[in-house]
Every structure is written in structure tokens, then in C-alpha cells.
Amino acid sequence: MSPSPNLPGDPARELLSGREYNGADRIEGPLVYVRKTHPVGYRELVECRDREGQLRLGMVLDTSDDAVVVQIFEGASGLTLPDTRIRFMGEPLSLGVCQGMLGRVFDGLGRPRDQGSAPRAEERLDVNGRPINPTAREYPRDFIQTGISIIDGMTTLIRGQKLPIFSGNGLPHNDLAAQIARQAKIRGGDSSFAVVFAAMGVKHDVARFFISSFEESGVLDNVALFLSLADDPSIERTITPRTALTLAEHLAFNKGMHVLVIMTDMTNYCESLREISTLRGEIPSRKGYPGYLYSDLAELYERSGMLKGTPGSITQLPILTMPNDDISHPIPDLTGYITEGQIVFERDMNGRGIYPPVAGLPSLSRLMKDGIGEGMTRKDHPHLSNQLFAAYSYVKDVRNLASVIGEEELTPLDHQYMEFGEFFEREFISQDFKTDRTIEETLDLGWKSLSKLPPEELHRVTEDEIQEYLP
Amino acid sequence: MEGRIIGQVKRVNGPVIEIKGITDAMMRELVRVGPQELTGEVVKLSGTEAVVQVYEDTTGVAPGDEVFGIGRPLSVELGPGLMGTIYDGIQRPLEELLKVSGEYIQKGVSLPGLNSRKKWPFVPLAKPGDRLTGGMIWGRVQETARVTHRILLHPELSGTLETIQEAGEYTVEETLATLRTPLGLQPLTLRHFWPIRRPRPVKARRSLDVPLISGQRVIDTLFPLAKGGTVAIPGGFGTGKTMTQHAIAKWCDADIIVYIGCGERGNEMTDVLNEFPQLIDPRTGTSLMERTILIANTSNMPVSAREASIYTGITLAEYYRDQGCHVAIMADSTSRWAEALRELSGRMEEMPAEEGFPAYLPTRIAEFYERAGYMDTLSGEEGSVTIIGAVSPPGGDFSEPVTQHTKRFVRCFWALDRQLANARHYPAIGWLDSYSEYIADVAPWWEEKTGRPWSRLRGEIMELLQKEVRLQQVVKLVGPDALPDSQRFILEVCSLFKNAFLQQNSFDENDRYSTIEKQVKMLEIILAYWRRGSQAIKNGVTIVKLRRMKVIQDIAKMKLSVPNEDLSELDKYLSRLERAIDQMEAVYES
């Protein structure tokens, strides 16, 4: 764990840090420009007081001999040029963390949002974290049973994985995330687990939905919420996931807990980044997003996984709404390049009343290959999921054909595939918000779907598996 | 503090730092910034000011901090001990770093690339009085069970050997020999340094006519790559770039693998670290890790080190090439490297060209790929560097600048296809967009090694695949039943070819790689089915009858059931196929 980040430096600079400057030179959106300061460090924490003495926090974005650019997380509205007092703290933004933060609600910067007092910090950690040495990582391979067939069977979630949900507006991604948080368990293992929930720019009722869902399942005491809601300053969102992940790292790697981090909605986070980047006049890359969006997202998503010799883990479940349902939009696109797979929602399936409306083919779990099979789930799992993918992919072709030549013209075999597709979607994928299926139930359902097809079509499963499992 | 003060920080903007008060800084000089001693490199000089890109997180750097020049460009340390090691983008050994700074990478830690305490068994290969020129071999060290490390003279030195130590155990720092040069007596050690941005000199380039056999059928048979060649693998996320790169790194017939994880996932590097030591190379019986060097600059490590990691990797590859090895280098992914260039360029407020990328992007890509080649080395050996670069086009759109510019400088292109990946057809290398310009060059090699008409067989199956695409368009409109049997048989054969040949299961013992003999035999069987089958259809046999032949079921699974070591079963399939069709035809003729 990175220690409290006191920057080394010459004593003169340490004396100067904490000195207060009266008056800003320019204010633009959430950015405040201060001239003629002492040498201020890059990414230093800033305390800023407005005319009423109200405290706001900020961070140094650019520092030079003549001017310092400060980003104020709470936004700059209400600040005046002469009456703004700025204090550079000589160290980066840090979060005081402790296990007592579970069961509490915080704002995006980690200050209590409920009525309680500030938790007594055991340690102060730099919210930006540090890159994990790849040789220190433990390769994740423990299967998490979510009780949701399409995930367990086809895009298996592994402890320590980062698996985002690519959704769209109006699709039930919140329900799915809540269901996963409620049902996720390790088979045969019982260990301390926690949920860290980071909300960025989501509506009040969405936050309330999650809170009441955690309450209903009786896990609220194991949940820490970091809320930066839709009406909170948008700049605060750029720091919210970082504070949440800082606590998650503490719980996982210092306290040995298994932490599930739900981050919603990453799209809002990226919008805030774009806002700041545009204000600073940076050269944009695609769709106006800054060129460093990939690196910035990676700094968040890579803060997951397991460490050798440490019992805990961080599993990330980021949720993002694809603007205009476009998976090639920079946000889902860059996310997909960093995360270990993705769960993709399909509007068409939602329209047909299938919950969860997970599109089978583009969804993928990259860590699945090492977490399933004999001794982990069941020995037929790898081949079965492969066969289901192949068959379902053919169903899509047949459906396209049927929409051109009409269903009557299809060959008998294609009709069987249509029947398989229907069963697969209605019985295997579709399930209730409250249904919690074991992995065996899921796999058996998969075989039941395959029984709609002639056995000689099943190229990707072995003869023995057909004998043993095909009903 | 090492070095001399060259200036003070003027402005900090992410990884880019402006320096003032410059007196004698050198372009591309290695520098250390501030009291934290962050590693950086001078990238621009202008009057008394300079721009430095810093390879570490710059949090806390403030104006006025001193900048120290080291007096030499960013270089790598070359010598025994590279093999089996995992480095970050600027050649810091990550396993050592773990001991020094813990699970999280701390800033300002500088570590030597080679272990300076380890003793190596040295055998001299030159004697006093020998005249040595740059790049010549003067000793050797058994680095791993399979890699014999030849000790090379620094390419820029030459002279007469004055003294040389007896065979024995030495560290990389000990002086083992002295060389009389025009500039005086030079001590020689097992290691030397070379700047990463300068290609190492060679005697001559050769033509590329030996294929790099990857064991992946779609690559070796359809789109072969030559030793010393260059290839790009573009594909959207989830299409299997990394899986393809891993498969090649595991099974290709290169002597040395340099795997660069450039801006990719941390867990992927961990996966390689876990898996490679356990895999056994079928050619030598030793662990795969003994021929592999890993360079990991994961996506959350500082972006400027990502830019450097590509050069670090290729310099290590060139060093082993100069010893007479065939080296394959995987860069996953060059797009992240290009994006790092873009980010740094943007921070330096340079004028952007397409999509914010700097105007010099094509030049940089060309410089990188031109460092590949099959060479006569200065040591009098022959060696090659083959570059296999992954490209991650945004949105899977191949018209973006990095893919387009890369296409101009590579001669082989393995386009990953989203639809194949969705159907879990791996490796998802599409046969329509991919190409290889090495086919004619490597055909003589194939035909000599296998004794079969390889290029004709390859041409035949490619033609069928092309026909199939056109037929599929018709099928989309009218359904397959409307086609005559002779055309439906094309679909049938192509479907068999895709399932039984192109698709390869990287987890299956028999199927994870295929020898060239197995590949050619499998191809011949499928083409025999095509030739005999289409003739039989002309003679009146129905397609259903052909499809129901028992031997077809066996052929469909031959990749899994027939081991590389014993291919006799394949010959049996072929004769069974011939016989079955003979019988059918006999029925119709009578």
C-alpha cells in the first residue's frame, strides 16, 4: 500500500506549503488560475475558501513559474477574483481510510454525506494509487457464482476481474448490478466480503434503488457508498472513482477482504474529463475526448485484481451507458480494450421482455478460460459454452436468412436452430430478478437447449459429454 | 547524485516538463528530475530551454526543481541475464523492483538491467593478439539451458586484444579482457550499453525466404510470415490479438522471443509469467521461459515509458540477432505506443495531423518496422528479427491512422474478424482481408521441406474460399436449397475447411500447434474431398451421400485426434476417403 504521500523536498518548500494566497487571477469553469506563487508541485492538493469562508478542495493541474492552474472539485460558482483564498497543501489529495467506513455514505471526495461523524482514519492514502508491479499480481482464477445463467455459463465472472456492463439508457443495468452484488458468492468459500459503490452523476432515485436493494438483502453494513449525484458539481466525478478505489484497495490488500466495486456511470466520468480538457484548450482526439482518456481509464480499471501472498481481492463491475447504443463510441471502445471482457446489453432483447437482456455474442469474459472446468465449475463447462456460442451464432445467421426468404422456406435443420435459439433466449438467458441459479442448474439448462439440435450438429463437445449430459 | 545540473524545472504538465537555464544539455540525453530523481529524456532543445519527457509519475514536481544530466542517451544494458527476465519499459527488472519497492511501483527507483552479483561461466573465444572489429564474438556464456550467449564486442570498438581471462565464473561488471584501440586501452566486460533509439549496425541485409513457422495453420498455410519479416495484427477488442500473439510466442520456431506488453493489462503479463515457465518447447524440450524476455509497461504505468518500451524491446532483439539468433518480437499493442506519442505530442503543444496524432507518426512507425530483417551480422553469423505488431483500431475500424500507416510498412497483414470472434472461431484471422506478400518467397522452402506442391494447394483452397463468399451472398437472398449440388458442395467443403483446419484450439494438447507436415497433409485431405467429391456429384452422387460418409466425421476431428508426432492416421483417412467415393461412384456407374 502506498504510504502517506509526504513529498520529499527541500525544507524551504515544506515551510512554504500551507501558505495562503489571497485572490485569483482568472476563473474559468472549474479552473482557477493563480499567479506568483511559491513553487507548487504538480497534482498537489489545494484548499480554497470563498468569500463566506466555505472550504472547497482542488488539485493542481499545471504548474509553472508564472501561473498555477487549479481544478476545484466542487466547481467555482460563487468564487470571486479578489476574495478567493488559496492554500497549497504540499501533498497530493489523500483519503483517510478504515474498516469503519463500511455501512456509511460519503460524497465524491470521501467526506461523510450521512449524519455520522467523520470516521477515524487508520491510514491516509494517496487517492491516485500507484501501478501494481505485474510480478506482484496473482492471476485471478476463482469462479464467482452470480446465479445468473448467461453470466455464469457464458461470460463467467472471476474474482479479481474487471468486467464492465455496456448498457444503454433505459436498460436494466442497475437491476443486474444489484442482483450480482446480492447473489455473488464463492462456492465452498466463506470469507469476508464488502461492496464499494461509486456513483458518478447518477440520479437520486438510482442511488436510492441501490441503497434499498442493499438494505433488503441485509448487506448494507458491508457497503460503503461514494455518491456524486447528478446535481453535484460535475468536476467532483473525476475524483469519485479514485476515492472509492482507494478504500477498496485498503479493504482488499490491507484487511484481506474480497471487495466488489460497482462504478456507475462511467460515461458521466468521461464527460467530466472532456469538460476539463476542453476548458484547458487541449488537443482533442476522437469526439472531443482528451488523448489521454485511455491512460486515465486504465488508471482506474487496473486498480483491481489480487496480490500474491494477500488474501483479498478487488473485482470491478463498472457500468457505462453507450451513447446512442454505439459500442464503437470512444468510451465503451477504450473500456473494452482495458477490461477483461464485457457484458453487452441489447435493446432488442429488452424489448422482447428478456431479462437480463445480455447479447450473447459480443459479451465475453477473458479470464473465464482459467476459472471454469473440472474442479472449478464442472468438467463439461468449457466445451458446453463454446458449443452454445457457436450454435447461437448460427441462429443469428438463420434469423437473418428467415427475414429475407421467410421462415417457411428454411431447411428442417435451420428450423431446429430457430427452435434452439428461442429456447436458449427464453429459458437459459431469461430469468427473474430474484432467481438465483446454481452453476449446475445453469449448465443443465444449457444442455437442455442443445437437445433441440441433432447430436451430430454438436461439433464442439465430445462424444462422452453428449453421453453423460445431453438429456 | 549522479550527473551534472543542466537546468531547473519551469513548468510541469503531466509527463512533460519544461526546463529553463539550459547550458549544455544534449538532445535525447538521459536526465533525473528533482529531489525524487525521476528518470526522463530530453526531447526538445530551444535556446536556454528544453523539454523533458519523464518516465515516471510527476506528482509533486515543482518549478525550480533541479534537473541533472547523465551525459548519455537512454540505453539498455546488454549481456547475460536478460533471458527469462521481466522488465518495465526502461529496462528496470520488475522482480528486483518488487524486492526494493514492494507490490506498488515506487518512483525514483533506478536499478541496473542486469544482475551485477550473479557469476556467469565464461569461455574465451579469442586470444591475445587477435584483431577484433565491432560486433565480433570474443567469448561465450551458457545463459540458460538452451541459450548460449555469445559475448560481442561493442559495435563501435575495434582493436587488438591485449589480454583475456581464462575460462571461469565472472560477473557482468568484471573486466575480462583489454583491447588496444587507437584511443587507448579499453577494458571489456560481459556487458555493454547501447542507446535504444539507434538500430544496431549489421553487415548486410538478406532476402527473406525462410518462413517463421508459428504452428498456427491459418498463418503458416494461408498467410505465411518470413523470418525477418513484419506483420500487423489489427483487431477490435475481444477479437483475440493477445491470444494470437501468445500462441505465436509459445510455438513459433524462433530461438528467442521478446514479448512487449505495451499499454496492456497487468493480468495478461501475469498470465504469461505463470504459464510460460510451465510450457515445454517441443523442439528443445526446455521451458519456454528460457527463451523469452518480457517487457511489461501496463496501461496504468507512466505513458512516456510506454513510448520507450517498444525501442527497449527491439534493441534487446537486435542484440540477440547479432549473436546469430532468430528473434521474434511481439509488440502488443503498437496502437498504445502511437497513442503515447500522441499524448506527449499534445502536451508539447505540437501541431496535430490526423485524429490528433503528430505528423511524424508514419516516420516513427516506419523506423520501427525497418529494424526487422534477416541479416548478415558483424560477427559473421546470420540472424533475424521478425516483428509481429498488434494494432488496436478504435471501434475496430481499419481506416484509422495507425492501421493505415502500419499497412504501408508491413508486408503481411492478419486482419482479425469480429464475426469470427463472436462465433468463437479462433484464431479469428479473416481470410478475405488478410494478405501476405511473402507467399512466393517462402514457397520454395515449403516445397523442399514437405515435398508437396504447397503453393498450388494453397492457391486451390484460396480460390474455393473466394467462391464461397460469392455463393454466401446468394444464399443470403434465396437460401442454400436453391443452389445446385455442385455449388452447395463448395459451401460444404469450405465449412469443413473452416472447422477442421482454420479453427485451432489453443488449449488442446494435439491442436495447439501443428507441424508443417501435418498442415500439408490435412490440406491435401480436404482438397481430395473437394476434387473427388465434385467429380462424384457430376457422376450423379448426391451431396447428402457425400456428407454422410463416416470418414468425414473423422476428418472433421483430425486436428484433435491425430498427434503431430504420428501422422500415419491421416494417410489412412485419405485412402478411406478415396475408397468410399470409389464405391459410391461404382454404384452410380453400374
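**Chains, sheets, helices and domains**

Tutor: Strands pair here if DSSP finds at least two bridges between them, and helices (H or I, at least four residues) and strands (E, at least two) are DSSP runs numbered from the N terminus. Bear in mind that this is a predicted model, where local features need pLDDT of at least 70 and side-chain atom pairs count only at pLDDT 80 or more, while totals for chains, interfaces and linings use all residues. Residues are numbered from 1 along each chain as its sequence is written, and chains are lettered from A and ligands numbered from 1 in the order in which they are written.

Student: Which residue stands opposite B:Val12 in E1(B)?

Tutor: That's A:Thr63.

Student: Switching to chain B: what's the strand order in the open sheet of four strands?

Tutor: It runs E10-E13-E15-E16, with antiparallel pairing. Strand E10 (131-132) and strand E16 (184-188) of chain B are at the edges with a single partner strand each, so one side of each has no neighbour in the sheet.

Student: How many bridges hold E15 and E16 of chain B as a pair?

Tutor: Five, between strand E15 (residues 177-181) of chain B and E16(B), in the antiparallel sense. As one example, B:Thr178 has B:Pro187 in E16(B) as its bridge partner.

Student: Now helices. At what angle do H5 and H6 of chain B cross?

Tutor: Roughly 130 degrees, and the axes of helix H5 (residues 303-322) and helix H6 (residues 334-347) of chain B come within 8 Å. The axes are lines fitted to C-alpha atoms, for helices over the stretch in contact, and angles run from 0 to 180 degrees between N-to-C directions. H5(B) and H6(B) are therefore oblique to each other; under 35 degrees would be roughly parallel, over 145 roughly antiparallel, 65 to 115 roughly perpendicular, and the rest is oblique.

Student: Which residues of H5(B) and H6(B) make the contact?

Tutor: Among them are B:Val303 and B:Ile310 of H5(B), and B:Trp337 and B:Leu344 of H6(B). By class, this contact has six nonpolar, one polar and four charged residues.

Student: Last topic: what are the domains of chain A?

Tutor: The assignment gives domain 1 (11-92), domain 2 (96-371) and domain 3 (381-469), with bounds from an automatic or database domain assignment. The C-alpha centres of domains 2 and 3 of chain A lie 31 Å apart. Their contact takes 16 residues from domain 2 of chain A and 20 residues from domain 3 of chain A.

Notes: Contact = placed C-beta atoms within 7 Å. Nonpolar A, V, L, I, M, F, W, Y, C, P; charged D, E, K, R; others polar.
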